[in-house]
Amino acid sequence: MKTISENACFGGVQGVYSHASSATGCDMTFGLFLPAEAQDGPVPVLWFLSGLTCTHENAMTKAGAQAHAADQGIALVFPDTSPRGDRVADDDTYDLGQGAGFYVNATQDPWAKNFRMRDYITDDLPDALSAFPLDMTRQAITGHSMGGHGALTLAMGLPGRFRSVSAFSPICNPVASDWGRKQFTAYLGADESTWASHDASLLMADRGFDGPLLIDVGTKDQFYDLLRIDTLSTAIAKRRQQGTVRLQPGYDHSYFFVSTFIEDHLDFHAEALWR
């Protein structure tokens, strides 16, 4: 573990660290906010998975989450969105390759060597976090856009791991969206039967989530059609899933939207993490 930076932040510490990952075969960087309560013992954890083109830094610096996490005594983990480096495969487009890991384990060349982001988030990074005072029996997860897709699919795909899940403008039905079909074909191959476990709408219809769920999306989101929110909303209603989907009038896909409603999401997760 290498400490890149540590800064006092709302009575706690906002750190940035790097470590070698066996899942991705390269060094990975992550942000970790520890509230003041971590000085006295382990604290609950909220994961924030970011979207396309982002690094660990976007949500860490733009979402405004630390103040609210400090009020609730909750740690925040900000992972990167993909492996990186000169020897890591990439693509000229913004929505494939570095910055666009989609939180799956790639099986196809040239991506399979490094793009194992599901294993990174579920195994490697939690192992690295054991160095910090975190109560890993109390975890929740959220994310934005591609990260919202990751949060929802991981929460449903790992029963019992997370007490609550939320998302901002998530990609909800990637098997039927240009934000999904392109990437799944590249990372997972042309056999669409392997895609279903990475689609929040299909997972909701198949198994749902054993806990509370909150989704926010802006009515002026410029990517609304790509997100396919309605497909997930229909699956939630048919399953009678405990959850809330809110359409926020006038908001778009940006971090201005995320920062406006991040306090609601911290309060939502705190209720589940501290019960």
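## Cysteines and disulfides

This predicted model contains 0 disulfides. A disulfide is a covalent bond between the sulfur atoms of two cysteines. For a pair to count here, the two sulfur atoms must lie within 2.5 Å.

Cysteine 26 is buried, with a relative accessible area of 13%. Cysteine 172 is buried too, at 0%.

## Overall build

The protein chain has 9 helices and 9 strands. Its C-alpha atoms fill a box of roughly 50 × 45 × 35 Å along the principal axes. The radius of gyration is 17 Å. A compact globule of 275 residues would have a value near 19 Å, so the chain agrees with that picture.

Buried residues make up 59% of the 275 residues. Among contacts with a separation of 6 or more, 73% join residues 24 or more positions apart.

In soluble globular proteins, nonpolar side chains tend to be buried together. In this model, the largest nonpolar core has 65 residues. Those with the most contacts inside that core are Leu32, Trp47, Leu129, Leu134, Ile141, Leu152 and Tyr187. A second, separate core has 25 residues, including Cys9, Leu46, Leu76 and Phe257.

What does tyrosine 187 touch, beyond residues up to four places away in sequence? Its partners include the aromatic residues Phe102, Trp111 and Phe115. Others among them are Leu96, Val104, Thr107 and Gln108.

Helix H4 covers residues 146-157, which is 12 residues. From its first C-alpha to its last, H4 reaches 16 Å, close to the 16 Å expected at 1.5 Å a residue. Is this helix enclosed or open? Of its 12 residues, 11 are buried, so H4 is largely enclosed by the rest of the structure. The buried residues include Met146, His149, Leu152, Thr153 and Met156.

Glycine 148 sits in H4. This glycine is buried, with a relative accessible area of 0%. Setting aside neighbours within four places in sequence, glycine 148 is in contact with Leu49, Gly143, Ala167 and Pro170. The C-alpha atoms of glycine 148 and isoleucine 171 are 6.5 Å apart, although 23 residues separate them along the chain.

## Serine 169

Serine 169 lies in the loop between strand E7 (165-168) and helix H5 (178-188). Is serine 169 buried or exposed? It is buried, with a relative accessible area of 0%.

Which side chain makes a polar contact with that of serine 169? The partner is aspartate 221, at 3.1 Å. Phe257 is one of the residues of the second core.

## Backbone details in the loops

A cis peptide bond joins aspartate 109 and proline 110, with omega at about 0 degrees. Proline 110 is in the loop between strand E5 (75-79) and helix H3 (117-129).

Two arginines have a positive phi. Phi of arginine 228 is near 60 degrees, in a residue other than glycine. Arginine 240 likewise has a phi near 60 degrees. Arginine 228 is placed in the loop between helix H7 (224-227) and helix H8 (229-239). Arginine 240 is in the loop between H8 and strand E9 (244-248).

How accessible are these two residues? Arginine 228 counts as partly exposed, at 30% relative accessibility. Arginine 240 is exposed, with a relative accessible area of 77%.

Technical notes:
Residues are numbered from 1 along each chain as its sequence is written. This is a predicted model: local features need pLDDT of at least 70, side-chain atom pairs count only at pLDDT 80 or more; totals for chains, interfaces and linings use all residues. Side-chain values use heavy atoms; hydrogens and water are left out. Buried means under 20% relative accessible area, exposed over 50%, partly exposed in between (1.4 Å probe, protein chains only). Helices (H or I, at least four residues) and strands (E, at least two) are DSSP runs, numbered from the N terminus. A polar contact is a pair of N or O atoms within 3.5 Å; within protein, one must be able to donate a hydrogen and the other to accept it, and residues adjacent in sequence count only if both atoms are side-chain atoms. A nonpolar core is a set of buried Ala, Val, Leu, Ile, Met, Phe, Trp, Tyr and Cys residues joined through side-chain atoms within 4.5 Å. Contact means heavy atoms within 4.5 Å. The expected span of a helix is 1.5 Å times one less than its number of residues. The radius of gyration is taken over C-alpha atoms; the globule rule is 2.2 Å times the number of residues to the power 0.38.
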